[in-house]
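Subject: Structure for you to look at

Hello,

Here is the structure I said I would pass on. Please open it and keep it beside this message while you read.

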Amino acid sequence: MPKFFTTLDRLKPAYDFTYKLFLVICKVLLIADILITSYAVLGRYCQQLSRNNPAFSFLSAITDPSWTEEIVLTAMSYMAVLSAALAIRRGAHIRMTAFDRYLPKKLLMVLDVLADVAVMALGVVMMIVGWQYATTLGARGFYVSLPKLSRFWMYFPVPLAGLAMIVFELESLFNNIKKFFVKEAEDK
């Protein structure tokens, strides 16, 4: 294997760390989403029960705060775009493979590199335009139910996911280019 690829293979722990970091962020957001949504549903149920039955008036202390919906939706937007970026690393996105067995192997490798470049370009656009939106439009507004919290956090998942996509596409692009120079016997 050429020395260039051996040197770049040393970056794998950095990619592993980045993947684990974004995975932990998604897991924490999922847990927060479940807890907040559960509390909101419980609050609505307790409010309804205490209104309809005076014997349960003590449950009126459990409320459904107005901020729950906006926070849950924001957390869901982080999870949606970050998990899509995580899928890049695992190669878990939907792929068109119906014709793969009919195409020459070299052409498939070229198409993989082309797909990596296209997805990386999308990541760059998401990062640049998303950051512009987050720092301009998002920084000017505030959440309706949390007037001290900037809407920057609602727009921030887009540039963050763009950055994650670029990082994971760099690894995928490197691995796909490496296939051109490394014989299959060395891979096994």
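How far apart are the axes of α4 and helix α6, and at what angle do they cross? Before the reply, please note that this is a predicted model.

Helix packing

The axes of α4 and helix α6 (residues 157-181) come within 8 Å, and the crossing angle is roughly 160°. Angles over 145 degrees count as roughly antiparallel, and α4 is therefore roughly antiparallel to α6. The crossing of these two helices, α4 and α6, is left-handed. Sorted by class, the residues in the contact of α4 with α6 are 21 nonpolar, five polar and five charged.

Helix α2 covers residues 12-52 and helix α3 covers residues 68-90; they pack with their axes 9 Å apart, at an angle of about 150°. By the cut-off of 145 degrees, α2 and α3 are therefore roughly antiparallel to each other. Their crossing, that of α2 and α3, is left-handed. In the contact of α2 with α3 there are 18 nonpolar residues, three polar ones and seven charged ones.

Aromatic rings

The structure has nine aromatic pairs. One of them is W131 with F152: the ring centres are 5.8 Å apart and the planes stand at 90°, so this pair is edge-to-face. W131 belongs to helix α4 (residues 105-140) and F152 to helix α5 (residues 152-155), so the pair ties together parts 21 residues apart in sequence.

F152, at 15% relative accessibility, counts as buried, because buried means under 20%.

Another pair is W153 with F156, whose ring centres are 5.8 Å apart and whose planes are at 75°, so it is also edge-to-face. W153 has a relative accessible area of 41%, so it is partly exposed. W131, F152, W153 and F156 form one aromatic cluster.

A charge over a ring

Which residue lies over the face of Y143? It is R151, at 5.7 Å from the centre of the Y143 ring.

Regards

Note on methods:
Residues numbered from 1 in each chain as written. Predicted model: local features only at pLDDT ≥ 70, side-chain atom pairs only at ≥ 80, totals over all residues. Heavy atoms only, no water. Axes fitted to C-alpha atoms, helices over the stretch in contact; angles between N-to-C directions. Helix = DSSP H or I, 4+ residues; strand = E, 2+ residues; numbered from the N terminus. Parallel < 35°, antiparallel > 145°, perpendicular 65-115°, else oblique. Left-handed = near helix turned anticlockwise from the far one by under 90°. Nonpolar A, V, L, I, M, F, W, Y, C, P; charged D, E, K, R; others polar. Phe/Tyr/Trp six-rings, centres within 6.5 Å; stacked < 30°, edge-to-face > 60°. Buried < 20%, exposed > 50% of the residue type's maximum accessible area, 1.4 Å probe, protein only. Lys NZ or Arg CZ within 6 Å of the ring centre and 35° of its normal.
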